[in-house]
Amino acid sequence: MKKITVILLLIVTFTNSCKKDDDINNQNRNPNIPNAVFDTQNLIDTNLPQYNNLLIPSQHVIVTGGNIGINGIVVYYTGSSYLAWELSDPNHQISNCSTLTVNGIVASCSCDDDNSYFIANGLPQSGTTGQYTLIPYQVEINGSVIRVYNN
């Protein structure tokens, strides 16, 4: 009986310590980017022409408006999975120059330091100042719909 009690106690302890909102991607520790709570739900549907690029490996689509992210998001298709990133430079406070623009697989800010990040993995390019990587968002696929969310 004691063994069962100990095992159940361990299971409950481990289950409660692994919450969905644990800080696994340093977003909550980044003082520059506030936590954006949003859900695209069925907005991103690859059957729609504006999202057709997401059917082609190494392509991306930018989604802005409707309180999606802080400055919008970029959704990138690796060929086997989808990644979604915040379009704000994680190494700057939110400002006019901290919004990232995407060219190919590189997202860059227009601030004086010209920080740049790879949207294929979220990592900074050589020469980027600061300690933070791109802020990732959760992605869920249901048929042709790509749901991106942070809630």
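A disulfide is a pair of cysteine sulfur atoms within 2.5 Å. Keep that in mind for this structure.

Some ground rules, quickly. This is a predicted model, where local features need pLDDT of at least 70, side-chain atom pairs count only at pLDDT 80 or more, and totals for chains, interfaces and linings use all residues. Residues are numbered from 1 along each chain as its sequence is written, and side-chain values use heavy atoms, with hydrogens and water left out.

Now the overview. The protein has one helix and ten strands. Those are DSSP runs, numbered from the N terminus: helices are H or I with at least four residues, strands are E with at least two. Along the sequence the pattern reads α-β-β-β-β-β-β-β-β-β-β. Of the 151 residues, 38% count as buried. Buried is under 20% relative accessible area, exposed is over 50%, and partly exposed lies in between, using a 1.4 Å probe and protein chains only. Next, contacts, meaning heavy atoms within 4.5 Å. Take those with a separation of 6 or more: residues 24 or more positions apart account for 46% of them.

Back to the cysteines. The structure holds one disulfide. Which residues does the disulfide join? Cys97 and Cys111, with S to S at 2.0 Å. The torsion about their S-S bond is about 85°, so the disulfide is right-handed. The pair links distant parts of the chain, 14 residues apart. Cys97 sits in the loop between β5 (82–86) and β6 (101–103). Cys111 sits in the loop between β7 (106–108) and β8 (116–118).

How accessible are these two? Cys97 has 24% relative accessibility, so Cys97 counts as partly exposed. Cys111 has 7%, so Cys111 counts as buried. Then there is Cys109, which is in no disulfide. For Cys109, the nearest cysteine sulfur is that of Cys111, 4.1 Å away. Cys109 counts as buried because its relative accessibility is 7%.

Next, strand β10, residues 145–150. Why is β10 described as largely enclosed by the rest of the structure? Because five of its six residues are buried.

Which strands pair with β10? Here, two strands pair if DSSP finds at least two bridges between them. Strand β1, residues 38–39, pairs with β10 in the antiparallel sense over two bridges. Phe38 stands opposite Asn150 there. Strand β2 also pairs with β10, antiparallel, over two bridges. Ile44 has Ile146 of β10 as its bridge partner. Strand β9, residues 136–142, pairs with β10 in the antiparallel sense over five bridges. Glu140 is the bridge partner of Arg147 in β10. The hairpin of β9 and β10 has two residues between the strands. In that hairpin, Gly143 takes a positive phi near 65°.

Last stop: Asp45, in strand β2, residues 44–45. Asp45 is buried yet has no salt bridge. A salt bridge is a side-chain nitrogen of Lys or Arg within 4 Å of a carboxyl oxygen of Asp or Glu. What is the nearest side chain of opposite charge? Arg147, 14 Å away. For charge, Lys and Arg count as positive, Asp and Glu as negative, while His and the chain ends are not counted.

So what does Asp45 meet? Its side chain makes a polar contact with the side chain of Ser144, at 2.7 Å. A polar contact is a pair of N or O atoms within 3.5 Å; within protein, one must be able to donate a hydrogen and the other to accept it, and residues adjacent in sequence count only if both atoms are side-chain atoms. Leaving out residues up to four places away in sequence, Asp45 touches Tyr51, Ser144 and Val145.
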